[in-house]
Amino acid sequence: MRSFLFVPADSENKLAKAMAAGADALILDLEDSVVADRKPLARDVARDFLDRHVAAAARPGLIVRVNARDSGLTEADLDAVMPARPDAVMLPKAEGGPDVEYLDAQLAKRERAHGIAAGHVGIFVVATETAKAIFQLGSYAGASARLGGLTWGAEDLAADIGAESKHDAAGRYIEPFRLVRSLCLFGAVAAGVQPIDSVYPAFRDLDGLRRECEEARRDGFTGKMAIHPAQVGIINDVFTPSPAAIAQARAVIAAFAANPGAGAVSLDGRMLDMPHLKLARRLLARADLSLSRTGNH
Ligand code: COA
Ligand code: MG
């Protein structure tokens, strides 16, 4: 999935608007965008929203972000939303594979209780929100077949480490956050799941958003989270393989097909070997996925 739009789950107005935003998935947030005394309301609204939309034929993916394990609220969040069969649950402040195993078991229990097919509900994690979490980014492989993606967040990490700033004067992430972004990318790929770039909080700055999307795609991220409907179109645009990129990938595959048995071939005066073939195949797979996903999860 290319775009994941956060929607505070205590806002019926925003939930209604989000359905028309064109996002590949919505993240119904029960965590940081909802204040403590509105959490019960947010659970009810999320449950009702899922009940009304889960069965629709063409709809975005519906993911619920529950509260973190140390909040003591995670299991009550799951009790509230699991009967309505979300496509996935997002766990914030995850600190490695054991947290995914914990969530897997919690989901399995509730799938059994509600007659939902085993393994139906997927898992996404926000994997970089504490200093401790950074040292577990290599621990997600094999934690659960439900795991679909890893993403990173800078806001909570800055609070955890006491950073005065996340950006330099030019608005670029400074070293601790760039490092964490890279480690999240490696951790996701090592686990065989989607690397998803963090949010771009300055939602009126669409040029800055596009630049950050392009940098993320350049580095290997395959999607990005949004906080405002205006961000969705740009994210979808940047993470949909362009006709030129598709043509180039097809040319790479054709060059290998024309030279069966050759480990290295040439195209337009440049050497191509196995990593190029692998990248070309991966790009075409993503292009197929974006084609099959015009508003359908
Ligand atoms: N999903 C759905 N609708 C949204 C939205 C979102 N994430 N963000 C804004 N909208 C709606 C607004 O409600 C508003 O609707 P209205 O015209 O009916 O009032 C419209 O889009 C325009 O919004 P705008 O005035 O530009 O922004 P805002 O000041 O109302 O909201 C935020 C700004 C940041 C509070 C809002 O975008 C938001 O809540 N984002 C998600 C926050 C979140 O989930 N954070 C947790 C993850 S980091
Ligand atoms: Mg947070």
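## The second largest pocket

Let's start with a pocket to which β1 (3–8), α1 (12–19) and α6 (155–161) each give at least two lining residues: the second largest pocket. Helices and strands here are DSSP runs, numbered from the N terminus (H or I, at least four residues, for helices; E, at least two, for strands). The second largest pocket holds about 580 Å³ of space and has 28 lining residues, with Phe6, Ser33, Arg65, Val199 and Ile227 nearest its centre. By type, its lining splits into 15 nonpolar, five polar and eight charged residues.

A pocket is an open set of points on a 1 Å grid over the protein atoms alone, where a 1.4 Å probe fits, with protein on both sides within 12 Å along at least five of seven lines; lining residues have an atom within 4 Å of a point. Ala, Val, Leu, Ile, Met, Phe, Trp, Tyr, Cys and Pro count as nonpolar, Asp, Glu, Lys and Arg as charged, and the others, Gly among them, as polar.

## About the model

This is a predicted model, in which local features need pLDDT of at least 70 and side-chain atom pairs pLDDT 80 or more, while totals for chains, interfaces and linings use all residues. Residues are numbered from 1 along each chain, chains are lettered from A and ligands numbered from 1 in the order written, and side-chain values use heavy atoms, without hydrogens and water.

The protein chain is assigned domain 1 (3–239) and domain 2 (243–289), with bounds from an automatic or database domain assignment. Their centres, taken over C-alpha atoms, are 33 Å apart. Each domain supplies at least three residues to the lining of the largest pocket.

Helix α11 contributes the most, with nine residues. The lining comprises 19 nonpolar, nine polar and nine charged residues.

Because Asp32 sits in the loop between β2 (25–29) and α2 (39–53) and Asp156 in helix α6, the pair ties together parts 124 residues apart in sequence.

Asp32 is partly exposed, at 47% relative accessibility. Buried means under 20% relative accessible area, exposed over 50%, and partly exposed in between (1.4 Å probe, protein chains only).

Terms used:
Points joined across faces, edges and corners; volume = space filled by probe spheres on them.
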